[in-house]
Amino acid sequence: MPSNKSVSDAPIVQFTNCRILRSHQLQREDLWVREGKILNPEKLFFDEKGSADIQLDCKDSIIAPGFIDVQINGGFGVDFSLATDDFKSGIDLVSQKILSHGVTSFCPTLVTSPPSVLPQISIRNGGAHGAGILGAHLEGPFISKEKKGAHPEHCLRTFEAGAFQDLLATYGSLDCVRIVTLAPEMKRSSEVIRELTKQGICVSLGHSVANLSQAEEAVQHGATFITHLFNAMLPFHHRDPGIVGLLTSDKIPAGRRVFYGMISDGIHTNPAALRIAHRAHPKGLVLVTDAIAGMGLAPGRHTLGQQVVEIDGLNTYIAGTKTLSGSVATMDTCVRHFQEATGCSVETALEAASLHPAQLLGIEHKKGTLNYDSDADFLMLNDGLYVQATYIAGEEVWRQNVLGM
């Protein structure tokens, strides 16, 4: 048979001596990359008669898909919810800094605040400049006053007669929106959930006093996510478990999976609660940082939207209160804490920060896995799950300085 030689002249890179996370298992095989995509070596050998142009020895590292953070409010002194003249340079800084923590894609998250920031967020691919932006996560203002957390009460909104039009008027545009967190017990929320879902936007339930039947109805209308499980919602009660009950509900439509975010920082959720959630519904767990501007900075006073927050160790409070407001944990820290707290496998811990968020957003065909033809966004980690190097589209964008270890 004639060979199909050279569908592309782009260089082929072969990563050797590594354990690759593929099909839920660490497998000892090589990783092949060309033009930013993962290659199928069999097709390369037999169809193209090709071989590697460059070989890289990974020195027995784990290779895992890049982490995807679907709830991050800022970091390194930058607050996504504050309208500033240099907003773009702020988001650029965060996207660059989180590469060292293994994040290759993220959803900048805006807490309840004036709508002027939203038009400044644009979707873009990742690269040496920083992690890719998948679209905004809008957390509020259509949330419960009783569970507002760090959201300023005077900015909260309800759905009036227009419902979806109220939401459009508040946000201005949904062009770059990926996730909307709302309280499902609000009147007319069902029609809003249906419309957002129709437009391909993920609806998340959170900052809510919803009972289980209200939460189930929201899922039946298209909601697929729970914002930081256990936090800013009614506590689990055996007669009405509230939103938490979705993890074991028998009213979820066939073929639908409900995902839930967990802030695995050792502060927001007791390790026992983390274990309960994971054992009840392991395939739905999505690790999120919920990081605020103070991530990466020294303890002290920082902002979260319209609020002043105080950082004390890993605790972040609204100034003068004991109300938790976001976290200062990085994604790699959350992965390690999750694995330690639950005793789960390395594979499970890594997938909670990569595969599951990709599935939530419906992008698992190109991100969150190392399957053939998917984007070559991946990490090299040691056995302790510390990030050694970060790659986006097959290019190294960050590497641990060995001398500084």
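Buried here means under 20% relative accessible area, exposed over 50% and partly exposed in between, using a 1.4 Å probe and protein chains only. Helices (H or I, at least four residues) and strands (E, at least two) are DSSP runs, numbered from the N terminus. The structure is a predicted model, in which local features need pLDDT of at least 70, side-chain atom pairs count only at pLDDT 80 or more, and totals for chains, interfaces and linings use all residues. Residues are numbered from 1 along each chain as its sequence is written, and side-chain values use heavy atoms, with hydrogens and water left out.

Just after helix 5, Gly 222 adopts a positive phi of about 130°.

Turning to annotation, an unreviewed UniProt entry lists Ala 150, Asn 231, Ala 232, Arg 239, His 268, Leu 324, Ser 325 and Gly 326 under "binding site"; such annotations may be inferred rather than shown by experiment. The listed positions span 177 residues in sequence, and their farthest two C-alpha atoms lie 29.5 Å apart, so they do not all gather at one spot.

Ala 150, in the loop between strand 11 (136-139) and helix 3 (164-171), is buried, with a relative accessible area of 8%. Leaving aside residues up to four places away in sequence, Ala 150 touches Leu 304, Gln 307, Ile 318 and Ser 325. Leu 324, in the loop between strand 19 (315-318) and helix 7 (331-342), is partly exposed at 30% relative accessibility.

Conventions:
Contact = heavy atoms within 4.5 Å.
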